[in-house]
Amino acid sequence: MLFPFNRICRTVGSQYVAEIHASRHAGTNMKAFLHRLAITGARSDKDIRARPMHPAPRVHAWMTMLVLAVICVCMAPLHAEDGYELWLRYHLLATQQAAIYRSHATQLIESASTPTQTVTRAELLRGLGGLLGQAPPSSDAVTSNGAIIVGTPGSSPVIAGLHLDTKSLGHEGYIIRTVEVNGHAATAIVAHDDIGALYGTFHFLRLLQTEQSIDHLDVTQIPHVKLRVLNHWDNLNGQVERGYAGASIWDWWKLPDWRAPRYTDYARANASIGINGTVLNNVNAGAQILTPTYLQKVAALADVFRPYGIRVYLSVRFSAPIEIGHLKTADPLDPQVQRWWRDKADEIYKLIPDFGGFLVKANSEGQPGPQDYHRTHADGANMLADALAPHGGVVMWRAFVYSANGEDRAKQAYDEFKPLDGHFRDNVLIQVKNGPIDFQPREPFSPLFGAMPKTPLMMEFEITKEYLGFATHLVYLGPLFQEVLSSDTMVHGKGSTVAKVIDGSLDHHTLTGMAGVANIGTDRNWSGSDFNQANWYVFGRLAWDPTLSSRTIAEQWVRMTFTNNPAFVKPVVDMMMGSREAAVDYMTPLGLHHIMGPNHHYGPAPWDASEARADWRPVYYNRADHQGIGFDRTRTGSDAVDQYAPAVADEFNDITKTPETLLLWFHHVPWDYRMHSGQTLWYELVAHYTQGVDDVKRMRETWSHMNGYIDPERYQQVATFLAIQQKEAQWWRDACIAYFQSQSGLPLPPGFAPPQHSLKYYQSLTFDFVPGYSSW
Ligand code: BDP
């Protein structure tokens, strides 16, 4: 049993009678017991926070302390809030709210016979039990108001009797509706298939968690995107490439026998936001994952995830037929190679009948691929697609390719893939990073979106904050994702948004997908910080519906993760919504990009030219010199602009029309160029860097007022991380200004503080053992 007795002890002992929530694990008896001890109420909301002890007989207080002290000792180990429960905390709601809901949840009518029905029922009971302080009794008939009925027409006669059109919901959709059954009001969570009912149940619980009215429900939800997939960049040795949340959660060594409970919680969390696929291993893949030993382990994970509607996928190494198949070649047109992959697919599907398919990074950053045999990406993808097709599997082939000798790196994916449009099998998706370079704090959308109408294009976002401050910077990625999804490609005129490319509606594709590079690891809080959980959450929600507002999603997440108290919710959501722009300002304002430390990608290094390849060097991207700064991608430069539809290309080509947020992405601009503000570029650059640091100071200030609304553990960690963020934001600002000033030769505009150290100092900093360091 978990109960915050540590807090009771602390608060009682410090002359306060704490008002303690009966936490989700406390039964009514425990609550009654606490009431007898005159301890009531909530533990985390300021409005019902600790308050001075009422006058009470001394002996009573001492007895209380004694009893509690005994309990404290007996109940060890104690669990503080550590973020493990994510947004599925299901802690008891405020008394009044819980009472309102209880009248709608007196009775639960649903049976469970399949594994998915079983976990759905368990989740509902767990959620209601926690949120309302009591789980409703089950029944098989609607005999009172307040029944909750969950299921499909096939699983429940009551639901069949509602005659709702469930066919149009497809495999994963659901309806939540207030209905009347036998003259009683009831809440029906209805789907065509079990998995829809699970999704609907999570939705219903979210309404409760966020204290929404459930009086007259009429919700219909169908996912906009078919494959909603996490990409784990996890290596089999437990290290996570670009992971900042500990080691890999896959304990390969102990699998398949030990199926850690954490795997189930992982599946619950993903199902709660509609994620239905997971690629278990790094795109920089070794061949071992395809050996029989590892496939057994993969199958064990697939078994855990299956009831939650989650399929497993694997990243495969293109040269695996050589490495583990002992063939002399991996040429995709070689019949022996083709046979090897077919056999491998058959072997996998015997173990995992619902295996999702393969993710492939080929001929990119040293990975093997079809071009090693003078074949095209289509040849490679199609060979794998043919092996998977009989089983219903798909190939997610990455467009993240660029070669050392190519021209402007931003152009290469388009140049490589656009000519192949129409050459891929039906079960191939091309997985495209959101921008043309590499997950920078801000990039324009990739020109491939809209440029390959005959091919399903899958979005790839990076949830892990490789370029956005690792674990410690508070950067909510919702606005970044939304900015990309709502960008207008203009390929079929106005309104041809990236979201419409991704959801298939623009070019009539039914096979659609969105991938997010996971930020999950063994840290108790899963994601390296409490606020990084929001990035996992928002990815899932936007993959389900790319048109949702990132603010709405942030608000729901805050309410579920921390508290519904508006005095907390509003300022914290505002802080989250501004946090990405703050990071852009203190790292890469005005369209700057790729100026971070080499290899490990930690901290600023705009001066760096140490990498072997030009296109890995920050100086290649910022091109700062005495005249100006920025990468000329106009028609007189690399002409990357013309990879976009003409209307967009014309805009990006014209310095006066290019949004200033992308100015230095597309233009090499003189330092004295006049910006919209009337100030020079140099002035604006310094102003943006300074603004970024000021924004972080404000975030800290906002957070300092949140003390007391939530548990001290999470409050304190966020506060400390924000202090780290401020320190590092200052470092970014100062190091970048120092370097760019050394190039511009201009004095600092009046009113701005000079960098705290010399450029030499910043250039002298080196870092060993940086987390997440790439292994290839
Ligand atoms: C870059 C990462 C590198 C990945 C690569 C990829 O730095 O670790 O392997 O992307 O996406 O962002 O393949």
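Predicted model: local features only at pLDDT ≥ 70, side-chain atom pairs only at ≥ 80, totals over all residues.
Biologist: How many residues surround the ligand?

Modeller: A residue is near a molecule if one of its heavy atoms lies within 4 Å of it. Here 15 residues surround the ligand. The closest are Glu 241, Lys 361, Arg 398, Asp 438 and Glu 466.

Biologist: Which classes make up the shell around the ligand?

Modeller: Ala, Val, Leu, Ile, Met, Phe, Trp, Tyr, Cys and Pro count as nonpolar; Asp, Glu, Lys and Arg as charged; the others, Gly among them, as polar. This shell has eight charged, five nonpolar and two polar residues.

Biologist: Which polar side-chain atom lies 2.5 Å from an oxygen atom of the ligand?

Modeller: One of Glu 466. For Arg 398, an N or O atom of the side chain is 2.6 Å from a ligand oxygen. For Lys 433, the distance from a polar side-chain atom to a ligand oxygen is 2.7 Å. The ligand on its own has 320 Å² of accessible area, and the protein covers 99% of that. Such areas come from the Shrake-Rupley method with a 1.4 Å probe; for residues, only the protein chains shown count as cover.

Biologist: How many aromatic pairs are there?

Modeller: A pair of aromatic rings is described by the distance of the centres and the angle of the planes. Rings of Phe, Tyr and Trp (its six-membered ring) pair if their centres lie within 6.5 Å; planes under 30 degrees apart count as stacked, over 60 as edge-to-face and the rest as tilted. The count comes to 44 aromatic pairs. One of them is tilted: Tyr 174 and Trp 544, 6.0 Å centre to centre, with 40° between the planes. Tyr 174 is in strand S5 (residues 174–181) and Trp 544 in helix H16 (residues 533–544), so the pair ties together parts 370 residues apart in sequence. Helices (H or I, at least four residues) and strands (E, at least two) are DSSP runs, numbered from the N terminus.

Biologist: Is Tyr 174 buried or exposed?

Modeller: Buried means under 20% relative accessible area, exposed over 50%, partly exposed in between (1.4 Å probe, protein chains only). Tyr 174 is buried, at 3%. Trp 544 is buried too, at 6%.

Biologist: Where does the charged end of Arg 633 sit?

Modeller: A charge sits over a ring if NZ of Lys or CZ of Arg is within 6 Å of the ring centre and within 35 degrees of the ring normal. The charged end of Arg 633 sits over the ring of Phe 631, 3.7 Å from its centre. The charged end of Arg 623 sits over that ring as well, 3.8 Å from the centre.

Biologist: What about the backbone?

Modeller: Most residues other than glycine have a negative phi, and most peptide bonds are trans. Yet a cis peptide bond joins Leu 255 and Pro 256, with omega about 5°. His 326 is not a glycine but has a positive phi of about 60°. His 326 is exposed, with a relative accessible area of 69%. Glu 365 also has a positive phi, near 50°. Glu 365 is buried, at 11%.

Methods
Residues numbered from 1 in each chain as written. Heavy atoms only, no water. Polar contact = N/O pair within 3.5 Å; in protein donor to acceptor, adjacent residues only side chain to side chain.
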